Amino acid sequence: MRKDQLDNVLKTLDAMKELELQMSYLYRECSKADAGREDFWARISEQEVGHAAYIDKMIGIIGDKAQLFSAGRNFNITAVKLVIDGIKSDIEKVKSGKIKGNQLLFMASDLEQSLLEKEFTEIVKSENSQYTELADRIMEETFMHRTLLEREIRDSAVKR
């Protein structure tokens, strides 16, 4: 991987790490705002912190063994930062009560289904087992988040 590609990949992954942390903060606020689902939101929030830690490890692996990696799909860092800004705005809306109840579930479901969440593992290509294991774990947990959110949405519709 060329130096400019490596720099871009590392900056992109760093932005993705920040995205995961912001999602964790959002879900933490949801746990405070959504009576009866506190544990549900807290569990997902903790996993997002884990995703940020995985990405941090992935950054270290790439930095140490850059020759084993090639640049994959080019992600626009500005787009990632816009999503982060949107999440920060959502955090404030949750805090102020502008987003509440089942709206929290729909908001989170939309975030978990975003292109960034689905395809971020395409930023880098590698056969490095440490890297791919971490990337796979993030993708599996993100899929689980989507499944859990869909179930909560479905269950809340049945309760009406």
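Start by selecting D85, which you'll find in helix 3. Keep in mind as you click around that this is a predicted model.

In sequence the pair is separated by 63 residues, yet from C-alpha to C-alpha they sit 9.1 Å apart in space.

Next stop: the largest nonpolar core, a set of 43 residues. Colour L13, L26 and W41, the ones touching the most other members. Now show the elements that each give two or more residues to this core: helix 1 (3–33), helix 2 (38–64), helix 3 (77–96), helix 4 (102–112) and helix 6 (129–159). Which helix gives the largest share? That's helix 1, with 10 residues.

Zoom in on L13. What does L13 touch once you ignore neighbours within four places in sequence? Select I55, I59 and I62, then F120, I123 and V124: L13 is in contact with each of these.

Finish at S109, over in helix 4. Buried or exposed? S109 has a relative accessibility of 7%, so it counts as buried, the cut-off being under 20%. To see what S109 is in contact with, skip the neighbours within four places in sequence and pick L149 and I153.

Note on methods
Residues are numbered from 1 along each chain as its sequence is written. This is a predicted model: local features need pLDDT of at least 70, side-chain atom pairs count only at pLDDT 80 or more; totals for chains, interfaces and linings use all residues. Side-chain values use heavy atoms; hydrogens and water are left out. A nonpolar core is a set of buried Ala, Val, Leu, Ile, Met, Phe, Trp, Tyr and Cys residues joined through side-chain atoms within 4.5 Å. Buried means under 20% relative accessible area, exposed over 50%, partly exposed in between (1.4 Å probe, protein chains only). Helices (H or I, at least four residues) and strands (E, at least two) are DSSP runs, numbered from the N terminus. Contact means heavy atoms within 4.5 Å.
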